[in-house]
Amino acid sequence: MSNLSHQLPAPFEHAPLALVPRAIPWGAAALLIVAFAGVPWLAGDYWLNAILIPFLVLSLAGLGLNLLTGYAGQTSVGSAGFMAVGAFATYAFLLRVPVLPLPVALLAGGAVAAAVGFVFGIPSNRIKGFYLMATTLAAQFFLEWVFTKFPWFYNHASSGTIAAPRLALFGHDISGPVGRYLLTLSVVTLLTWVARNLVGSRLGRNWMAIRDMDTAAAVIGIDVDHHKRLAFAVSSFYLGIAGALWAFAYLGTASASSFDINRSFQILFIIIIGGMGSVAGNFIGAAFISLLPIFLSQAGQALLGGNVDPGQIQNLQKIIFGALIITFLVKEPEGLVRLLAGLRERLAVWPLRF
Amino acid sequence: MSVPMPSGQILDVRDISLSFKGVKAISGLSFSVQRGEICALIGPNGAGKSSLLNVLNGVYRPDAGEVIFEDIHYRRITPLEAARRGIGRTFQNNALFKRMSVIDNILSGLSRHARAGFFAQALGLPPARREAREHRELAERTLAFLELQAHRDTPVGNLAYGLQKRVELGRALIAGPSLLLLDEPMAGMNADEKREMSRFVTEVNRGLGTTVVLIEHDIGVVMSLSSHVVVLDYGRKVGDGTPAEVRANPEVIAAYLGTVQ
């Protein structure tokens, strides 16, 4: 405390200051062991390709948007645009600088997305709320247009699509389902750890302060404009890497239309349903968004398969999906993660009520 | 650490005028505050007291005049710059971060003292951890001083109003301001709470040597707490002096009670 030139008068002897090393998060450790060691053996290609990889990538994208919206309080509907930047930039690095190893190309792609996000974050100095959302909408359409209009970005391919040249790490080919799953899982784990550090540090606190009341944040000495732009940059970095993984680890080939406004809304729904201002909420929201339609379609087939027109079943699924989202949000506006926390609190004192 | 000797002026307000779309809020106001004193601003509602605090820390920009704080002269300053120069501030209707816990609210006051860089925080490197620990210790001291330990992890929005006022004081205090602007720190409190808050303000003033400028309506509190009283009415200064002098000033009585012409 030597750098702070004041002292508070109260004695500091009995503060119950338990700055003990944080307990080892056994639950998270077990989950990671299962995800890294168990899942690749147990899950078939279908599970890896069609369920787990997109789930992980969407969680990462949700995390990126949540840093911006849930923590820093700046709403964005341009997430997919920034994902596209990451995907196309990573592609450019892999294609034009073949010596770059995959992780470096991913990082570089994320950095380009961060720079673009920073630029689109500059208006946040002057405009707020719905108006700022309109500028992110503009970013979405602008970026989509850029990646359609200029053939350089997709290497003049007649189809307008990009495909990963070759997914390899330290000479090992990782283009199989297990390889792509492990790549995605590693990136998501690493970036989730970084996000937890960020939101638990001063930076995260400053973001939340700006979210809760930006005038007061400025009065106590937080540089509001700088922190908003930083939130845009960090968020876009996450989204950019998620975009690259979406294109190369999940889809295989992608085009600008893989990152349209619907994807942006999907990511926004993930954080609204999962829980704003929560790291775990993104995973819960992504699971809900990506697994529920699959579950509904399986259930629909099993229950009504032979008797009802398949088109009708699909419509029915959409209705149920929408109704469930509304129900959950009415029940708990702060998202599923809050709902689960409440459940746990209630279970802890069961059978008593409180 | 020693408390700097109170000597000379810390704040000099010169001919400040402020208007909102032609409506005068403050006109030609001048007064000065000595280092280490508790100066109370009193006056009826709408007299321009809160506006004046907002001018001092840059939330409002005056039309004319000059403020001298420590050794800087300014008419317009940004709130951020005012905070960096050592002006702490609380608001009349608490301006806390409602969804954050008490400890996080207090910690946020230290933000401008932090040095750890982005990557140190992102990767949890030792410099960031060390700084976080130091700040946490300072925040715990502040909690202990303000007797807020029991509420450490409560979201501020769930606290009683009087406690919120204390959290806001803590958030301003932890940054070690040399001038503390308190906008009605005791509004809406009962007698016990007012006594406690008065004690905290006095301890801050005596223990840390912090100069305090506060707005208060409870004349009893003002008379016992402050050593200097400035009275405003319709944006003009109508009284300035020790509590006893101000109480005897006929203009002040007129401002508060009205006069029969």
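Biologist: In which loop is Ser255(A) found?

Modeller: Residues are numbered from 1 along each chain as its sequence is written, while chains are lettered from A and ligands numbered from 1 in the order in which they are written. This is a predicted model, in which local features need pLDDT of at least 70, side-chain atom pairs count only at pLDDT 80 or more, and totals for chains, interfaces and linings use all residues. Helices (H or I, at least four residues) and strands (E, at least two) are DSSP runs, numbered from the N terminus. Ser255(A) is found in the loop between strand E4 (253-254) and H10 of chain A.

Biologist: Is Ser255(A) buried or exposed?

Modeller: A residue is buried if 20 or more other C-beta atoms, placed from the backbone, lie within 10 Å of its own, exposed if 12 or fewer, and partly exposed in between. Ser255(A) has 21 other C-beta atoms within 10 Å, and therefore counts as buried.

Biologist: With which residues is Ser255(A) in contact, leaving aside its neighbours within four places in sequence?

Modeller: Two residues are in contact if their C-beta atoms, placed from the backbone, lie within 7 Å. With those neighbours left aside, the contacts of Ser255(A) are Gly160(A) and Thr161(A).

Biologist: At which residue does the kink in H11(A) lie?

Modeller: The bend at a residue is the angle between axes fitted to the seven residues ending there and the seven starting there. In H11(A) the kink is about 30 degrees and lies shortly before the proline Pro293(A), at Leu291(A).

Biologist: Which helix gives the most to the side of chain A that touches chain B?

Modeller: In all, 32 residues of chain A are in contact with 44 residues of chain B. Two or more residues on that side of chain A come from each of helix H6 (177-200), helix H7 (202-212) and helix H8 (214-219) of chain A. The most, 7 residues, is given by H7(A).

Biologist: What percentage of the residues of chain B count as buried?

Modeller: Chain B contains 10 helices and 10 strands. Its C-alpha trace spans about 70 × 40 × 40 Å along its principal axes. Of its 261 residues, the buried share is 47%.
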